Amino acid sequence: MLNWFQSPATETQVTHGGRLWLYALAALVILFLVIPTFIVIPMSFSDSQYLEFPPTRWSLRWYEHYVDSPDWMLATRTSLKVAVLTMVVATPLGVLAAYALHTAKVAFVRLAFVLLITPMMVPLVLVAIGAFYVYVKLDLLYTVTGLVFAHTVLALPLVVIVVGSAFKSFDMAQEDAARSLGAPRWKAFLTVTLPQVRFAVVTAALLSFLTSFDEVVVAMFVSGGDNPTLTRNMFNALRDQIDPTIAAISTIMIVITVVVMTLAQIFGARSK
Amino acid sequence: MTARQTEALPIRVSHVTKTYGSVHALDDVSLDVVSGEFLTLLGPSGSGKTTLLMVLAGFTRPDRGSLKFGDREVIRTPPHLRDVGMTFQNYALFPHMTVAGNVAYPLRLRNVPKAEITERVERALETVQLGGYGSRRIGQLSGGQRQRVALARSIVFEPRILLMDEPLSALDKKLRDQMQIELRHLHDKLGMTTVYVTHDQREALTMSDRIAVVNHGRIMQLATPRELYDRPANRFVADFIGDSTFLPVRRSGRGVAFGDMALTINGPVPEADNLLLMIRPERVTLVRDGQSVAPESNQFAATVREVVYQGDSYLLQSELVDGTLLTMRGAVRGANLSAMPTIGDRVTLNLAPDDAAVIDGSGC
């Protein structure tokens, strides 16, 4: 143990002992970030009528309440439907855009790239307000279609960036080779290029799913009526009646998010 | 042999021009490649040789000009319909497929029946001496083996034209020398019209039937390796191929003169004002005391300035009367072994009339 304190931490002369303060700080930051998320998990198994920590008695009643509630089930279906559709729409669009940005030799490529990733930089609430006013005119308010469109706009930058960086490490001469061997360009792309960036594409698809599934701000404005999302209902429930159902739903969402993120990490690592 | 002879096609390039901005990558290039010929495009980087190859392959669309494979005009034909085999500088193999998968790729695109694919893939692999390697992954192969797989993939569908873009540049020298001979044998066996791009003059001299020396988007000379080396058309070609010393000479009667010394030259004197005598280092000989030389050969008095021993030969740089440094390469054997010239020696250098060429020294 004493040896460890004095062993070098990096290629420089800093020892692990000299880095202790940094490790402590890092641990604090991690705790600060993670604890609020995980405090919700024990709360969801509480028997109490109120959000209570630590719970005094344990039960699954709030999970039962969630499953038995038609409102929560409707919201869950909407959220899943919208997230899956967003993934299905955003992924191919983003892959095509990234491919075009990678191969095109025209001056406005950089401009096109910036335009595509603006939704990531503009405050979300502006996107939401914009979508709301446009959807009122187009009669898309409170529809699955409208939600999918809005969430696709938010997911596209992620797909373009993730898949675009995979194209950067792909040798485009392979596509030329495929074409010289008799493949039309689309076939060269499908049989040679796409299989080699597949992990990045899967990662991008999972991230688009999450982008939609976790999204609150836009959903607050353009979801509702017959198609409320889970996040919107949770927000309203917190405001109106605080009961531990929220904690149960949060726990379920944490599990889904963690699983999807882990998958994305695994596929992301494979694409390197 | 295992491979079939394919019926080769001639290539006719006429007046092809390609500009990028104000740069002429190809400047009104015309070139006929005879069917079954091994023709090399040789030039420095940026000369336009790769652009010309890409025009042949269909990846670059020229601004003007025509391209015919046999009787067929193909300038508007996309690459996948041109039916030419092509190998790339870094091989461009598909790492997500096995060796057999790579070689089978062009056959699968042509809907060849499965059993026939297996047979033809194996035959192509045998042709490049990789029989039995079909199930290997690309990552498991050495550079030389990758080169062979790329070659097998580009010939398996029996194209009548084969294009090669610096295929050996990534290999080390020994392997490269060996592959040059091998590629040439393969070409003779398969008989397809081959256009080969390289910047390595020795490679071009070793392999080609004819060489087109390319510079600034133009063909400077198109000739056999011998003609190119012995009778370069201009200073650029003479400079680019081999080493040489250039002596300024002037027309004198039917021959030329260097200073006030009339030279005996067997060979044409170009119609130009600015004439240079090109002297290849290995064609000059050192005249030893008491050694008799042919009376018609040219003899230069010189002072030795540098002697470099290089194992198989030695280089001698000697200063002529006008101050030009003439480089000569001598064999290390016989008298040289015991008595190499030393710096400051006054020597006589001999140049036979057949070994000198007068070239047009203007331009490049």
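Of the 364 residues of chain B, 40% count as buried, a residue being buried if 20 or more other C-beta atoms lie within 10 Å of its own, exposed if 12 or fewer, and partly exposed in between, with C-beta atoms placed from the backbone. The model is predicted: local features need pLDDT of at least 70 and side-chain atom pairs count only at pLDDT 80 or more, while totals for chains, interfaces and linings use all residues. For orientation, residues are numbered from 1 along each chain as its sequence is written, and chains are lettered from A and ligands numbered from 1 in the order in which they are written.

The C-alpha trace of chain B spans about 75 × 50 × 35 Å along its principal axes. Nine helices and 20 strands are found in chain B; helices (H or I, at least four residues) and strands (E, at least two) are DSSP runs, numbered from the N terminus. Among contacts in chain B with a separation of 6 or more, 67% come from residues 24 or more positions apart, where contact requires C-beta atoms, placed from the backbone, to lie within 7 Å.

One open sheet of chain B has four strands in the order β2-β1-β4-β5, with antiparallel pairing; strands pair if DSSP finds at least two bridges between them. Its edges are formed by β2 (23–33) and β5 (72–73) of chain B, each of which pairs on one side only. Strand β1 (residues 11–20) of chain B runs antiparallel to β2(B), and seven bridges join the two. Here Tyr20(B) has Val23(B) in β2(B) as its bridge partner.

Strand β20 (residues 356–360) of chain B is largely enclosed by the rest of the structure, because four of its five residues are buried. The loop between β14 and β15 (285–287) of chain B holds Pro281(B). This proline counts as partly exposed because it has 18 C-beta neighbours inside 10 Å. Leaving aside neighbours within four places in sequence, Pro281(B) is in contact with Asp243(B), Thr327(B), Met328(B) and Arg329(B). The C-alpha atoms of Pro281(B) and Leu316(B) are separated by 8.8 Å, although these residues are 35 apart along the chain.

Turning to the interface, 17 residues of chain B are in contact with 14 residues of chain A. On the chain B side, two or more residues each come from β6 (84–87) and α2 (99–109), and α2(B) gives the most, with three residues. By class, this side of chain B has 12 nonpolar, three polar and two charged residues; Ala, Val, Leu, Ile, Met, Phe, Trp, Tyr, Cys and Pro count as nonpolar, Asp, Glu, Lys and Arg as charged, and the others, Gly among them, as polar.

Within chain A, helix α3 (residues 61–68) and helix α13 (residues 245–270) pack at an angle of about 80 degrees, with their axes 8 Å apart. The axes are lines fitted to C-alpha atoms over the stretch in contact, and angles run from 0 to 180 degrees between N-to-C directions. α3(A) and α13(A) are therefore roughly perpendicular to each other, a label given to angles of 65 to 115 degrees. Trp62(A), Tyr63(A), His65(A) and Tyr66(A) of α3(A) make the contact with Thr245(A), Ala247(A), Ala248(A) and Ile249(A) of α13(A).

Note on methods: Contact = placed C-beta atoms within 7 Å. Parallel < 35°, antiparallel > 145°, perpendicular 65-115°, else oblique.
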